[in-house]
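Hello,

Here is the structure I promised to pass on. Please open it first, then read my notes below.

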Amino acid sequence: MKILIVDDEVEILDILEELITDKYMCEVDRASNGLDAFILCQESEYSFIVTDHKMPFMTGAALISGVRTRKNLNMKTPILMLTGFLTDELKGRVDLEDVEFMSKPIPFKEFFELISSYVYKY
């Protein structure tokens with residue numbers, strides 16, 4: 001299993017990488033912006049993607065839209081947008097299949113329940 005985490009805050013990347021690696025004993029790739037993450041999505045297939053929204057170069061909403069509509073290895077990969085700026089408008093812009101939303105600060109119990117519901121589905 002391989003999970004991609006995307007956030008422009010290094011501390012959040014560090015925390016998520018450590019927690020996800022410990023919980024799922026999987027490989028974790030990291031990106032600090034949506035553009036780098038989209039490039040990774042063309043090179044590697046992921047079991048799950050976790051992305052922030054407000055980032056430089058490409059927002060999480062733009063990343064999700066790109067992953068779902070442009071040719072890459074993750075067009076059907078489940079995605080969680082984890083953001084401190086969650087609104088109904090943002091949810092409406094990214095109303096796509098297998099895209100979930102969660103507000104920061106991270107509610108870790110719900111965070112892991114959500115990821116587990118997708119990665120242990122098969």
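Start with Met25, which sits in the loop between helix 1 and strand 2 (27-31). Keep in mind that this is a predicted model. The phi of Met25 is near 45 degrees, a positive value in a residue other than glycine. Most residues other than glycine have a negative phi. Is Met25 buried or exposed? Met25 is exposed: its relative accessible area is 74%, and the cut-off for exposed is over 50%.

Phe57 also has a positive phi, near 75 degrees, and is not a glycine. Look for Phe57 in the loop between strand 3 and helix 3 (60-69). Phe57 is exposed, with a relative accessible area of 71%.

Next, a peptide bond. Most peptide bonds are trans. The one from Lys104 to Pro105 is cis, with omega near 0 degrees. Pro105 belongs to the loop between strand 5 and helix 5.

Now helix 5 itself, residues 108-119. Its 12 residues should span 16 Å at 1.5 Å a residue. The end C-alpha atoms are 16 Å apart, so the model agrees with that expectation.

Which residues of helix 5 are buried? They are Phe111, Phe112, Leu114, Ile115, Ser116, Tyr118 and Val119. An α-helix has 3.6 residues a turn, so residues three or four places apart point the same way.

Best wishes

Terms used: Residues numbered from 1 in each chain as written. Predicted model: local features only at pLDDT ≥ 70, side-chain atom pairs only at ≥ 80, totals over all residues. Heavy atoms only, no water. Helix = DSSP H or I, 4+ residues; strand = E, 2+ residues; numbered from the N terminus. Expected span 1.5 Å × (residues − 1). Buried < 20%, exposed > 50% of the residue type's maximum accessible area, 1.4 Å probe, protein only.
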